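This report describes the fold of one chain and the way it meets its partner. Please look over the sequence and the model before reading on.

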Amino acid sequence: MTDPKQGITEAEAIEQAKQGHEAAFEVLYHLHKRRVYSLCLRMVSNPAQAEDLAQEAFLQLFRKIGTFRGESAFSTWLHRMTVNVVLMQLRKKGLPVVSLEETLESDDEVPRKEFGTQDVKLTGSIDRLQLQRAIDKLPPGYRTVFVLHDVEGFEHNEIAEMVGCSIGNSKSQLHKARLKLRDYLKFMRAEKAKTG
Amino acid sequence: MTCSEVERVLPELLDDASERAFPAGFETHVKSCPACSGLVSDLRLIASESRQLAASEEPSPRVWLRIAAELRAEGLISEPAIREPQSAPSRPILISTSPGRRWSAWWLAPVAAALLAAGAYVVSHKPAPQVAKQTPAVPVTVPVRVPSAVPENATVSPDRVTTPAPQQLARKAAKPEDRVGPAARPAVEPEPSAEDQQFLSVVSTRAPSMRATYESELQAVNADIRETQAYVNRHPGDADARQHLMDAYQQKALLYQMALDRIQ
């Protein structure tokens, strides 16, 4: 990966960052900031908090950059570090990282099967903004697994290791999250159709 | 296979990494059952569309400023890398240190301190009137990051804005195409303050390759200050908003400080 504006490769930036060059840190930051921040934002649904978490993830990375030996991809290393930072924050706040059982229904919960056989498909593409809003509405436990798997691309065995659950639990949580999102999206679509 | 059996095996089957063969009867049932067909199709669509969300958001410039400040404070930054400048890069990295007389920009330090003091004053007192002149003469958008009590995309109705009357008249007289939508910044940034102009002038003289970047960063942080200041003017009792404004002033002070460290 190369910073197009500078012509410096990621590998060069890493080596310079190990020597304490600020410019190199900045290159690495700009190369990965969107991925890191987006992950934090999806997990906590709060822009200010997401920025704090992204900042902390990069700081941890830069503090430990001297230990990076290149056995895995730098982005993978950073990615995992970011997830750990977010999960630690969720645990500190006492929020459930993964639901072990069905979560309590919230007040604005959409009844399941409300849109049963009458309107069976989310036809066409999904509005990205609606999808983002629907993800924000997910209970924290479901949201964690959904974001890690469907948005960020982690496998269930990786998720299970990170959040401390079984692979089966991870798959179950993901499925429930998708079902809830489907209900939210259909509800939003129906509401939008009503208001025109 | 029944609908409930299909739903029971779906968590395993919809996982992209799974290479498990579909159980007998699964595909036959899904093809013939509109509800199950719709369910499978929807869940696959949600999974595929969600991947588009990775790396879709951009953090504000203040994040890097805070990181850089912390790295300096911890002594993790020693010196910028040195290499021959090529075509003027738009980012302030890899500057060359030419010999010769160094330009003294000593005045940046007290300006940075003054910015911090201004922010501290705002947090502890009702906002000073002179800051209101930075409020643009267009409808102000309340940023999403300001406390959640503010509705998304809220705009200020003309009769509640505390801007001076001439600016209100200018805004009302603005052509429709010139008006800014709720989620957009002003099409033309207000003129930079005298301190900002002097700051950019020094940067242009001492490190011309860095000017574009610092100008961009300054515009972003000034816009943040303006928007937050406008919100604080309307909600002077909101402590979170005042703290946010203080943070914005600190970011600007950091920007000055970083430039000072580079060009001295």
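Read from the N terminus on, the elements of chain A in this predicted model follow the order β-β-α-α-α-α-α-α-α-α, which comes to eight helices and two strands. Chain A has 196 residues, of which 41% count as buried, and among its contacts between residues at least 6 apart in sequence, 65% join residues at least 24 apart.

Chain A also touches chain B, in a contact that takes 51 residues from chain A and 46 residues from chain B. On the side of chain B that touches chain A, helix 1 (3-13), helix 3 (34-50) and helix 4 of chain B each supply at least two residues, and the largest share, 11 residues, comes from helix 3 of chain B. The residues on this side of chain B divide into 26 nonpolar, eight polar and 12 charged.

Helix 2 (residues 22-44) of chain A packs with helix 4 (residues 62-73) of chain B at an angle of about 145 degrees, their axes lying 11 Å apart, and the crossing of helix 2 of chain A with helix 4 of chain B is right-handed. The residues that make this contact are set out below.

| Helix | Residues in the contact |
|---|---|
| Helix 2 of chain A | E22(A), F25(A), E26(A), Y29(A) |
| Helix 4 of chain B | W64(B), I67(B), A68(B), L71(B) |

Taken together, the residues of the contact between helix 2 of chain A and helix 4 of chain B divide into six nonpolar, no polar and two charged.

Conventions:
Residues numbered from 1 in each chain as written. Chains lettered and ligands numbered in written order. Predicted model: local features only at pLDDT ≥ 70, side-chain atom pairs only at ≥ 80, totals over all residues. Axes fitted to C-alpha atoms, helices over the stretch in contact; angles between N-to-C directions. Helix = DSSP H or I, 4+ residues; strand = E, 2+ residues; numbered from the N terminus. Left-handed = near helix turned anticlockwise from the far one by under 90°. Contact = placed C-beta atoms within 7 Å. Nonpolar A, V, L, I, M, F, W, Y, C, P; charged D, E, K, R; others polar. Buried ≥ 20, exposed ≤ 12 C-beta atoms within 10 Å, placed from the backbone.
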